[in-house]
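Work through the exercises below with the model open. Each task is followed by its solution.

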2 protein chains.
Amino acid sequence: MDPETLWSERRHHRGRPPAHTREAVVATAVGVADAEGLSALTMRRVATALGSGTMSLYTYVSERDALLELMIDAVIGEQRLSAPTGDWRADLAAFAREQRMLMTRHPWLPVALAGRRTLGPNTLKALDHALAVLEPSGMPPRARTEAFALVSGFVASHVGYEVAQQRALGRTDDVREFVASNARYLAAAVGSGAYPHLAEAMAADGAEPPDADETFERMLALVISGLG
Amino acid sequence: MDPETLWSERRHHRGRPPAHTREAVVATAVGVADAEGLSALTMRRVATALGSGTMSLYTYVSERDALLELMIDAVIGEQRLSAPTGDWRADLAAFAREQRMLMTRHPWLPVALAGRRTLGPNTLKALDHALAVLEPSGMPPRARTEAFALVSGFVASHVGYEVAQQRALGRTDDVREFVASNARYLAAAVGSGAYPHLAEAMAADGAEPPDADETFERMLALVISGLG
DNA sequence: CTAGTTCTCGTACCATGTACGAGAATAGGG
DNA sequence: CCCTATTCTCGTACATGGTACGAGAACTAG
């Protein structure tokens with residue numbers, strides 16, 4: 001899977017013309033993953049959604065994993081990159097918020113991203129944009145790249161967590177019982193006295209779960225305040 | 001997969017005694033994953049390593065995914081939790097370094113962790129320890145939990161990236177050609193002029209890759225400096 | 001129209017998770 | 001000491017998924 005063959009689409013010249021484009025294949029796959037999750041993203045399923053035979057996909061993509069990489073870069077290309085304003089902290093926060101929206105729209109993205117270093121054109125574009133945003137910070141180039149990695153990693157990590165929470169609920173048929181079981185388990189664990197500080201924290205916080213948006217903003221502020 | 005049945009091992013009373021313990025099964029699975037990667041972690045492979053029939057594993061574990069959760073919590077239990085010194089920033093940094101070592105020793109961990117909210121006893125213990133470490137910071141309880149999530153997320157994200165880099169090299173037979181292809185691709189992409197800031201950054205940094213440990217320390221310092 | 005080229009996709013194979021059930025091993029009661 | 005209930009063992013079998021292969025279809029250049 002060298003990057004050169006992965007990211008360049010072969011141009012058609014002679015022979016039978018392809019019935020689809022690689023973009024269409026990737027877009028269809030993204031649709032499937034959005035609607036039914038990563039586990040439903042099988043070659044057969046994508047082919048059906050595209051209205052083609054399963055093996056035809058291999059004309060556009062060398063293997064399933066390559067399709068995933070293309071999907072990742074494709075959706076990253078959806079991210080809006082607003083022009084830098086000069087306030088790099090605000091710009092970086094806006095960048096992070098856009099990323100979070102992206103990942104919320106494509107909940108499979110954080111998982112797909114894990115353990116992968118994708119360097120597609122759109123990923124490079126996003127990186128380039130972040131570097132531009134960070135120009136006024138006076139940070140050296142390498143530190144800017146690291147700041148980008150830090151923010152992106154935080155967003156992926158955090159949204160991945162948010163999504164996992166949602167999915168755990170959505171996967172079960174008896175939500176009430178699931179929540180109850182969870183609460184019972186935690187109460188028993190904490191009640192055992194093995195986690196005194198956790199017990200203290202839970203007692204102090206009360207039971208109401210924190211607002212997701214506010215939590216993200218709070219943590220994002222921490223990340224950004226550490227930079228520069 | 002409710003937590004109550006996942007984390008509590010059934011005690012044996014009547015009937016044929018089990019030939020193994022759940023811990024042994026999990027430890028064997030960890031060994032397989034360490035040595036051959038997550039993709040080699042099949043029920044058959046683990047059973048072979050354990051010297052049992054494949055289906056016998058299901059006596060100890062309800063499904064493959066449950067085995068993975070147990071593995072995660074088991075290796076998290078390996079982490080050394082040094083007593084807090086009062087210098088919470090230093091303690092938190094030490095915590096992060098331990099986590100990084102852990103994940104380097106079990107390179108499958110960052111990937112396995114993605115999109116999962118595991119709350120096993122050892123995970124809770126680590127969380128409890130982090131809360132204790134953060135006590136002198138004066139942060140409110142909720143903020144302490146978020147700080148823990150932030151640091152853990154950063155380490156997982158970063159090590160996941162480090163590991164991906166390693167694996168990309170290790171997976172190919174012709175390393176030289178792979179590196180060359182990568183370099184060619186990047187040079188072509190950046191040379192196209194589509195990524196001016198990236199081009200500038202690469203020119204400024206030179207070609208020598210930064211030291212992995214130093215990079216981690218630098219980024220960790222950023223994360224921690226943002227807290228409190 | 002022909003030769004060369006490229007795409008299409010049915011068939012087939014292998015790997016994997018796991019349901020099922022027959023048989024084996026044990027503990028406690030008679 | 002045997003009998004019965006109970007629990008573990010694991011061979012067999014099936015469904016699902018990635019993908020190699022190759023015959024045929026559809027096109028272009030000459």
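**Exercise 1. State the phi of B:Gly193 and check the span of H9(B).**

Start at the glycine: B:Gly193 has a positive phi of about 85 degrees. This residue comes just after H9(B). Helices here are DSSP runs of H or I with at least four residues, and strands are E runs of at least two, numbered from the N terminus. Now the span. The expected value is 1.5 Å times one less than the number of residues.

The model is predicted: local features need pLDDT of at least 70, side-chain atom pairs count only at pLDDT 80 or more, and totals for chains, interfaces and linings use all residues. Residues are numbered from 1 along each chain as its sequence is written, with chains lettered from A and ligands numbered from 1 in the order in which they are written.

**Exercise 2. Describe the side of chain B that touches chain A.**

Count contacts (C-beta atoms, placed from the backbone, within 7 Å). 54 residues of chain B contact 55 residues of chain A. Elements giving two or more residues include H1 (3-7) and H11 (212-225) of chain B. H8(B) gives the most, 17 residues. By class, chain B's side has 29 nonpolar, 13 polar and 12 charged residues. Nonpolar means Ala, Val, Leu, Ile, Met, Phe, Trp, Tyr, Cys and Pro; charged means Asp, Glu, Lys and Arg; the others, Gly among them, are polar.

How values were computed:
Two residues are in contact if their C-beta atoms, placed from the backbone, lie within 7 Å.
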